[in-house]
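This report goes through the secondary structure, packing and a few backbone details of the structure shown here.

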Amino acid sequence: MTGVLRIRRELVDEIVAHARRDHPDEACGVIAGPDGSDRPERFIPMLNAARSPTFYEFDSGDLLKLYREMDANDEVPVVIYHSHTATEAYPSRTDVSYASEPDAHYVLVSTRDPDTHEFRSYRIVDGVVTEEPVEITESTE
Amino acid sequence: MAVTVSIPTILRTHTDGQKSVEASGKTVLEVIDDIEARHGGLKARLVKEDKLHRFVNVYVNDEDVRFAGGLDAEVKDGDTVTILPAVAGGAR
């Protein structure tokens with residue numbers, strides 16, 4: 001599948017701010033959007049239950065709440081993001097083995113450099129990683 | 001003993017695209033076996049070496065069964081069983 005992640009600037013800023021805030025631990029979360037729209041809209045930072053610089057995991061209770069809420073709103077996780085705090089913004093073997101939303105854009109942010117960040121997006125389907133361009137839009141269209 | 005089982009997107013290929021299915025059983029394992037009898041392939045995605053696969057979370061109503069007996073967790077008539085893939089990863 002070829003694609004592109006189209007995302008509003010403010011949502012990119014929120015993800016990066018969350019990643020910086022939780023550094024050196026990995027930060028994680030979701031941007032939900034209307035089912036079938038492929039449009040990320042609602043920023044939902046999640047707690048990294050692992051509180052680790054090399055691993056992240058949504059708390060299982062929070063995960064259930066999140067999916068129930070999205071279900072009730074007819075939303076899906078359009079973006080699933082997390083940070084790498086000492087390595088590049090590329091999915092690790094662990095990331096790939098856990099990835100189980102074939103329709104989601106997996107966003108990786110690297111905060112290893114204190115001044116600049118890497119922000120990249122991938123599809124992860126059946127264990128295959130495909131990077132896609134990120135198109136940042138400046139305002140609501 | 002009828003329970004409703006909510007199926008995540010990635011496993012719906014095993015339930016003809018259905019978001020939820022009805023099943024019966026007195027434990028989580030019995031419920032999974034009951035679904036497996038009609039929708040082959042699901043069990044292998046959930047159970048590995050008689051334990052719940054680490055990539056998946058299963059809840060009976062609001063409770064993660066990992067903290068309630070795992071596959072032996074009790075299921076009652078009218079309960080909702082929710083299956084969700086764990087969202088996890090990391091540089092490790």
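In which loop is the place of B:Asp16? B:Asp16 sits in the loop between strand 1 and strand 2 of chain B. Helices (H or I, at least four residues) and strands (E, at least two) are DSSP runs, numbered from the N terminus.

The model is predicted: local features need pLDDT of at least 70 and side-chain atom pairs count only at pLDDT 80 or more, while totals for chains, interfaces and linings use all residues. Residues are numbered from 1 along each chain as its sequence is written, and chains are lettered from A and ligands numbered from 1 in the order in which they are written.

**Residues with positive phi**

A residue is buried if 20 or more other C-beta atoms lie within 10 Å of its own, exposed if 12 or fewer, and partly exposed in between, with C-beta atoms placed from the backbone.

| Residue | Phi | Other C-beta atoms within 10 Å |
|---|---|---|
| A:Asp126 | about 50° | 7, exposed |
| B:Asp16 | about 50° | 9, exposed |

B:Asp16 is not a glycine, and A:Asp126 is likewise a residue other than glycine.

**The sheet of chain B**

Chain B has an open sheet of five strands in the order 2-1-7-5-6, with mixed pairing. Two strands pair if DSSP finds at least two bridges between them. Strand 2 (20–24) and strand 6 (63–64) of chain B are the edge strands, each pairing on one side only. Strand 1 (residues 2–6) and strand 7 (residues 80–85) of chain B are parallel and share three bridges; B:Val5 stands opposite B:Val81 in strand 7 of chain B.

Helix 2 (residues 60–72) of chain A packs on this sheet, where it touches strand 5 (56–60), strand 6 and strand 7 of chain B. The direction of helix 2 of chain A makes about 105° with that of strand 7 of chain B. Helix 1 (residues 28–38) of chain B lies across strand 1, strand 2, strand 5 and strand 7 of chain B, at about 115° to strand 2 of chain B. Such angles run from 0 to 180 degrees between N-to-C directions, with axes fitted to C-alpha atoms, for helices over the stretch in contact.

B:Val81 is in contact (C-beta atoms, placed from the backbone, within 7 Å) with residues including B:Val3, B:Val28, B:Val58 and B:Val75, leaving aside neighbours within four places in sequence. In edge strand 6 of chain B, B:Glu63 is partly exposed, with 16 other C-beta atoms within 10 Å.

**Chain A**

Strand 6 (residues 105–110) and strand 7 (residues 118–125) of chain A pair in the antiparallel sense over five bridges, and A:Ser110 stands opposite A:Glu118. Five bridges also join strand 7 to strand 8 (residues 128–132) of chain A, again antiparallel, with A:Arg123 opposite A:Thr130. Strand 7 and strand 8 of chain A form a hairpin with two residues between them, and A:Asp126 is in the turn.

In helix 1 (residues 9–22) of chain A, the residues A:Val12, A:Ile15, A:His18, A:Ala19 and A:Asp22 are buried. They lie on the same side of helix 1 of chain A because they cover an arc of only 130° around the axis, taken from the directions from the helix axis to the C-beta atoms. A:Arg9, A:Asp13, A:Ala17 and A:Arg21 are exposed on the other side.

A:His23 and A:Pro24 are joined by a cis peptide bond with omega of about 10°. A:Pro24 lies in the loop between helix 1 and strand 2 (28–34) of chain A.

Notes
Contact = placed C-beta atoms within 7 Å. Expected span 1.5 Å × (residues − 1).
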